[in-house]
Amino acid sequence: MSDSRVEPITIKGNESSASVGELYTRSFTPGERMARAGKVLAVAWLLALVTAFIPIVHFFLVPLFGIGGPIMAFMRYRVDTVAEKAHGICPECEQTVDIELDPADKLPKWTYCPACNKPVQLMYHGGPTQAAIPEDE
Ligand SMILES: [Zn+2]
């Protein structure tokens, strides 16, 4: 089972105001990471197989998918935690907002408030210099 977690974060605006928010992340078990990697590899090799029947483009697409597949699968396998979204109060407009995050996003991160479009920084408590400390559960 993948494990969803909520971590407290600070949402900081340009005018040094700050508010608290929550970061939603999802962690994968080794089995799920393998399944995710396997899916990437299957899609890449399927594309390699399909493009093998297309003249001319198969000269570069087949090696691209054939070699790129395992590389992409390995990169996918190394991902054990992905960020889903941040939830909190925007320090600039004071509205409750949900900020969708890219799975590859790492905090601290500058983004834009979806309500007022002003830049806001998402970070763990303690400021941007402090790296994420894994908590024991
Ligand atoms: Zn805002």
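## Two facing residues

In this predicted model, Glu 22 stands opposite His 87, a residue of strand β3. His 87 also stands opposite Asp 98, which belongs to strand β4.

Strand β2, made of residues 18-27, pairs with strand β3, made of residues 81-89, in the antiparallel sense and over seven bridges. Strands β3 and β4 run antiparallel as well, and five bridges join them. Six residues lie between β3 and β4 in the hairpin that these two strands form, and Glu 94, with a positive phi of about 60°, is found in its turn.

## The sheet as a whole

The strands named so far belong to an open sheet of six strands, whose order is β4-β3-β2-β1-β6-β5 and whose pairing is antiparallel. At the edges stand β4, residues 96-100, and β5, residues 109-112, each of which pairs on one side only. When direction is ignored, neighbouring strands of this sheet are turned against each other by 30° on average.

Side chains in a regular strand alternate between the two faces of the sheet.

The protein has two helices and six strands in its secondary structure, and, read from the N terminus, its elements follow the order β-β-α-α-β-β-β-β. Of the contacts between residues at least 6 apart in sequence, 52% join residues that are at least 24 apart. Buried residues account for 15% of the 137 residues in the protein.

How do the axes of α1 and helix α2 (residues 58-78) cross? They come within 8 Å of each other and cross at roughly 180°, and α1 and α2 are therefore roughly antiparallel to each other. Where α1 is in contact with α2, the residues divide into 16 nonpolar, five polar and three charged.

## Backbone details in the loops

Most residues other than glycine have a negative phi, and most peptide bonds are trans.

Glu 94, in the loop between β3 and β4, has a phi near 60°, which is a positive value in a residue other than glycine. Is Glu 94 buried or exposed? Because it has 12 C-beta neighbours inside 10 Å, Glu 94 counts as exposed. Asn 117 lies in the loop between β5 and β6, the latter made of residues 119-124, and its phi, near 65°, is likewise positive in a residue other than glycine. With 10 other C-beta atoms within 10 Å, Asn 117 is exposed.

Pro 108 is located in the loop between β4 and β5.

## Confidence in the model

The mean pLDDT of the protein is 89, and 90% of its residues reach 70 or more. Among the elements, helix α1, residues 30-51, has the highest mean pLDDT, at 96, while strand β1, residues 3-13, has the lowest, at 92.

Over residues 127-132, pLDDT stays under 50, and for this stretch the model has five contacts beyond four places in sequence.

How values were computed: Residues are numbered from 1 along each chain as its sequence is written. This is a predicted model: local features need pLDDT of at least 70, side-chain atom pairs count only at pLDDT 80 or more; totals for chains, interfaces and linings use all residues. pLDDT is the predictor's confidence in each residue, from 0 to 100. Helices (H or I, at least four residues) and strands (E, at least two) are DSSP runs, numbered from the N terminus. Two residues are in contact if their C-beta atoms, placed from the backbone, lie within 7 Å. Axes are lines fitted to C-alpha atoms, for helices over the stretch in contact, and angles run from 0 to 180 degrees between N-to-C directions. Angles under 35 degrees count as roughly parallel, over 145 as roughly antiparallel, 65 to 115 as roughly perpendicular and the rest as oblique. Ala, Val, Leu, Ile, Met, Phe, Trp, Tyr, Cys and Pro count as nonpolar, Asp, Glu, Lys and Arg as charged, and the others, Gly among them, as polar. Two strands pair if DSSP finds at least two bridges between them. A residue is buried if 20 or more other C-beta atoms lie within 10 Å of its own, exposed if 12 or fewer, and partly exposed in between; C-beta atoms are placed from the backbone.
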